[in-house]
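My notes follow in the order in which I checked things.

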Amino acid sequence: MKLTLASGSPRRAKILASLGVDFSVARTDAPESSIPSDPERTVRENALAKGAAAPAGAKNVLSADTIVWFDGKIYGKPRDLDEARRFLSELAGQTHTVFTGVAFDGKSAVCRSDVTFRPLSPSEIEAYIARVKPLDRAGAYDIDVSGDMLIESFTGERENIMGLPVAPLREWGIVK
């Protein structure tokens, strides 16, 4: 079965490719909700909206949305480098939660991982920002690209933290 990935995320495409999934990418532009008191609802609604925004005629549409949630606040993609610095500074030395909502063929799931950052100095944050493009990443970081600079430990699926958990894909028969 060939999927349509309703996402422009290179991390999601990388995960699907590593799993041997046949897919094409359809970037969508769907409005996103942000409900800090209900992060699971936020990612579920956003994943469903992205899937619904896929081009007419798209088949087997897979969509996802990922957020970082800490202290009752949602950290999406930072607007600029100053906001990226602020996000990383606020998360430094703390444990936060990554929620990803995934939708496929009328089904949806939400996966959770907890991530603990090392304490970070301003110079370590600058070094990370110089190495990684933080503006295209929820919470301004990517576990797969120099994540060792920031992350002390995590629970749950690494792929969830990257933006596409594998467990629902297995449950839905997309991968074995």
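I started with D82, which counts as exposed at 56% relative accessibility. The cut-off for exposed is over 50%, so 56% puts D82 in that class. This is a predicted model, and I read every value below with that in mind. I then looked for a charged partner and found R85, in a salt bridge with D82 whose closest N and O atoms are 3.0 Å apart. R85 counts as partly exposed, at 26% relative accessibility. Both residues sit in helix α3, three residues apart, which means about one helical turn separates them.

Next I looked up K73 and found its side chain in a salt bridge with that of E90, at 3.3 Å from N to O. This pair links distant parts of the chain: K73 is in strand β4 (residues 73-75), E90 is in helix α3 (residues 81-91), and 17 residues separate them.

How many salt bridges does a search of the whole structure find? I noted 17. Side chains of opposite charge can pair when their charged atoms come close. One more that I wrote down is R118 with E124, where the closest N and O atoms are 3.8 Å apart. The cut-off is 4 Å, so the R118 and E124 pair is counted at 3.8 Å. R118 is partly exposed at 26% relative accessibility, and E124 is partly exposed at 29%. I also looked for shared partners: salt bridges join K73, R79, E83, R86 and E90 into one network.

Entry 4, aromatic pairs. Searching the whole structure for these gave four. I took F104 and W172 to begin with; their ring centres are 6.2 Å apart and their planes stand at 20°, so I logged the pair as stacked. F104 belongs to strand β5 (residues 95-104) and W172 to the segment after α6 (167-171), so this pair ties together parts 68 residues apart in sequence. Are F104 and W172 buried or exposed? I found both buried.

I then went to F117 and Y141, which form an edge-to-face pair, with 4.9 Å from centre to centre and 75° between the planes. F117 lies in strand β6 (residues 107-117), while Y141 lies in the loop between α4 (122-131) and β7 (151-155), so the parts tied together are 24 residues apart in sequence. F117 counts as buried at 1% relative accessibility, and Y141 counts as buried at 5%.

I finished on D142, which lies in the loop between α4 and β7. At 3% relative accessibility, D142 counts as buried. Which residues does D142 touch, leaving aside its neighbours within four places in sequence? I listed R11, Y128, R137 and G147. With R137, the D142 side chain makes a polar contact, side chain to side chain, at 3.3 Å. I also checked P165: it is 23 residues from D142 in sequence, and the C-alpha atoms of the two are 14 Å apart in space.

Notes. Residues numbered from 1 in each chain as written. Predicted model: local features only at pLDDT ≥ 70, side-chain atom pairs only at ≥ 80, totals over all residues. Heavy atoms only, no water. Helix = DSSP H or I, 4+ residues; strand = E, 2+ residues; numbered from the N terminus. Buried < 20%, exposed > 50% of the residue type's maximum accessible area, 1.4 Å probe, protein only. Phe/Tyr/Trp six-rings, centres within 6.5 Å; stacked < 30°, edge-to-face > 60°. Contact = heavy atoms within 4.5 Å. Polar contact = N/O pair within 3.5 Å; in protein donor to acceptor, adjacent residues only side chain to side chain.
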